[in-house]
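User: I have a structure open and want to talk through how it is put together. Can you take my questions as they come?

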Amino acid sequence: MEIKIGIQNVAREIILESEQSSDEVAAAVSEALAKGTELRLTDEKGRVIIVPGNALGYVELGGEKARSVGFAAL
(Lines give C-alpha, C1' and ligand atoms only; values in the text may rest on other atoms or scores of the structure.)
Protein backbone atom coordinates (compact mmCIF):
# COMPACT_ATOMS: atom_id res chain seq x y z
CA MET A 1 0.00 0.00 0.00
CA GLU A 2 1.25 3.47 -0.82
CA ILE A 3 1.37 5.98 2.04
CA LYS A 4 1.90 9.73 1.59
CA ILE A 5 2.76 11.82 4.64
CA GLY A 6 2.64 15.60 4.60
CA ILE A 7 4.70 17.45 7.19
CA GLN A 8 3.74 20.92 8.45
CA ASN A 9 5.90 23.73 7.01
CA VAL A 10 7.71 21.32 4.63
CA ALA A 11 7.06 21.52 0.88
CA ARG A 12 7.85 17.88 0.09
CA GLU A 13 5.90 14.87 1.22
CA ILE A 14 7.17 11.46 2.34
CA ILE A 15 6.02 8.61 0.07
CA LEU A 16 6.54 4.97 1.02
CA GLU A 17 5.26 1.53 0.16
CA SER A 18 4.26 -0.55 3.16
CA GLU A 19 2.99 -4.05 3.75
CA GLN A 20 1.00 -2.88 6.76
CA SER A 21 -2.78 -2.84 6.41
CA SER A 22 -4.66 0.43 6.15
CA ASP A 23 -6.30 -0.27 9.53
CA GLU A 24 -2.88 -0.67 11.22
CA VAL A 25 -1.57 2.55 9.70
CA ALA A 26 -4.75 4.48 10.54
CA ALA A 27 -4.55 3.28 14.16
CA ALA A 28 -0.88 4.32 14.40
CA VAL A 29 -1.67 7.77 12.95
CA SER A 30 -4.62 8.27 15.31
CA GLU A 31 -2.50 7.30 18.31
CA ALA A 32 0.36 9.63 17.28
CA LEU A 33 -2.07 12.54 16.87
CA ALA A 34 -3.98 11.87 20.08
CA LYS A 35 -0.92 11.38 22.31
CA GLY A 36 1.48 13.71 20.49
CA THR A 37 3.98 10.87 20.11
CA GLU A 38 5.98 9.82 17.07
CA LEU A 39 4.49 8.00 14.10
CA ARG A 40 6.56 4.90 13.25
CA LEU A 41 5.98 3.08 9.97
CA THR A 42 7.97 0.33 8.27
CA ASP A 43 8.33 0.21 4.48
CA GLU A 44 8.57 -2.87 2.24
CA LYS A 45 12.37 -2.98 2.55
CA GLY A 46 12.31 -2.97 6.35
CA ARG A 47 13.30 0.69 6.79
CA VAL A 48 11.66 2.52 9.68
CA ILE A 49 10.23 5.99 9.07
CA ILE A 50 9.70 8.13 12.18
CA VAL A 51 7.72 11.37 12.06
CA PRO A 52 6.86 13.52 15.11
CA GLY A 53 3.10 13.32 15.69
CA ASN A 54 2.75 17.04 16.33
CA ALA A 55 4.33 17.83 12.91
CA LEU A 56 1.90 15.76 10.82
CA GLY A 57 0.01 17.75 8.22
CA TYR A 58 -1.84 14.85 6.58
CA VAL A 59 -1.55 11.13 5.88
CA GLU A 60 -2.96 9.70 2.65
CA LEU A 61 -3.49 5.95 2.46
CA GLY A 62 -3.55 4.36 -0.99
CA GLY A 63 -5.65 1.36 -1.82
CA GLU A 64 -4.29 -2.07 -1.20
CA LYS A 65 -3.79 -3.82 -4.52
CA ALA A 66 -2.66 -7.26 -5.54
CA ARG A 67 0.73 -7.40 -7.18
CA SER A 68 0.71 -8.08 -10.87
CA VAL A 69 2.76 -10.93 -12.28
CA GLY A 70 4.31 -11.09 -15.71
CA PHE A 71 5.57 -8.75 -18.38
CA ALA A 72 2.27 -7.33 -19.62
CA ALA A 73 1.92 -3.61 -20.22
CA LEU A 74 0.32 -1.79 -17.30
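Analyst: The answers below go from the overall fold to single residues.

Analyst: This is a predicted model, in which local features need pLDDT of at least 70 and side-chain atom pairs count only at pLDDT 80 or more, while totals for chains, interfaces and linings use all residues. Residues are numbered from 1 along each chain as its sequence is written, and side-chain values use heavy atoms, with hydrogens and water left out.

User: How many helices and strands are in the protein chain?

Analyst: The protein chain has 1 helix and 5 strands, and along the sequence they follow the pattern β-β-α-β-β-β. Helices (H or I, at least four residues) and strands (E, at least two) are DSSP runs, numbered from the N terminus.

User: What percentage of the residues count as buried?

Analyst: Of the 74 residues, 24% count as buried. Buried means under 20% relative accessible area, exposed over 50%, and partly exposed in between (1.4 Å probe, protein chains only).

User: Which strands form the open sheet, and in what order?

Analyst: The open sheet has 3 strands in the order β2-β1-β5, with antiparallel pairing. β2 and β5 (56–61) are at the edges with a single partner strand each, so one side of each has no neighbour in the sheet. Neighbouring strands are turned by 15 degrees against each other on average, direction ignored. Two strands pair if DSSP finds at least two bridges between them.

User: How many bridges join β1 to β2?

Analyst: There are 5 bridges between β1 and β2, which run antiparallel. Ile 5 stands opposite Ile 14 in β2.

User: Which strands does α1 touch when it packs on the sheet?

Analyst: α1 touches β1 and β5, and its direction makes about 170 degrees with that of β5. Contact means heavy atoms within 4.5 Å. Axes are lines fitted to C-alpha atoms, for helices over the stretch in contact, and angles run from 0 to 180 degrees between N-to-C directions.

User: Now the core. Which residues touch the most other members of the largest nonpolar core?

Analyst: Ile 3, Ile 5, Val 25, Leu 39 and Leu 41 do, out of 14 residues in that core. β1, α1 (22–35), β3 (38–42) and β4 (48–52) are the elements that give two or more residues to it. A nonpolar core is a set of buried Ala, Val, Leu, Ile, Met, Phe, Trp, Tyr and Cys residues joined through side-chain atoms within 4.5 Å.

User: Staying with Val 25, what is it in contact with, leaving aside neighbours within four places in sequence?

Analyst: Val 25 is in contact with Met 1, Ile 3, Gln 20, Leu 41 and Leu 61.

User: Different topic. How many salt bridges does the structure hold?

Analyst: It holds 3 salt bridges, a salt bridge being a side-chain nitrogen of Lys or Arg within 4 Å of a carboxyl oxygen of Asp or Glu. One of them joins Glu 31 and Lys 35, with the closest N and O atoms 3.5 Å apart. These two residues are 4 residues apart in helix α1, so about one helical turn separates them. Glu 31 is partly exposed at 44% relative accessibility, whereas Lys 35 is exposed at 60%.

User: And how far apart are the closest N and O atoms of Glu 38 and Arg 40?

Analyst: They are 2.7 Å apart, and the pair forms a salt bridge. Glu 38 is partly exposed at 40%, and Arg 40 is partly exposed at 48%.

User: What about Asp 43, buried or exposed?

Analyst: Asp 43 is buried at 9% relative accessibility, and it sits in the loop between β3 and β4. Asp 43 forms a salt bridge with Arg 47, the closest N and O atoms being 2.8 Å apart.

User: Which backbone nitrogens does its side chain reach?

Analyst: The Asp 43 side chain reaches the backbone nitrogen of Lys 45 at 3.1 Å. A polar atom of that side chain also lies 2.7 Å from the backbone nitrogen of Arg 47. A polar contact is a pair of N or O atoms within 3.5 Å; within protein, one must be able to donate a hydrogen and the other to accept it, and residues adjacent in sequence count only if both atoms are side-chain atoms.

User: Last one: what is the phi of Asn 9?

Analyst: Asn 9 has a positive phi of about 65 degrees, although it is not a glycine. Most residues other than glycine have a negative phi. Asn 9 lies in the loop between β1 (2–7) and β2 (13–17) and is exposed, with a relative accessible area of 82%.
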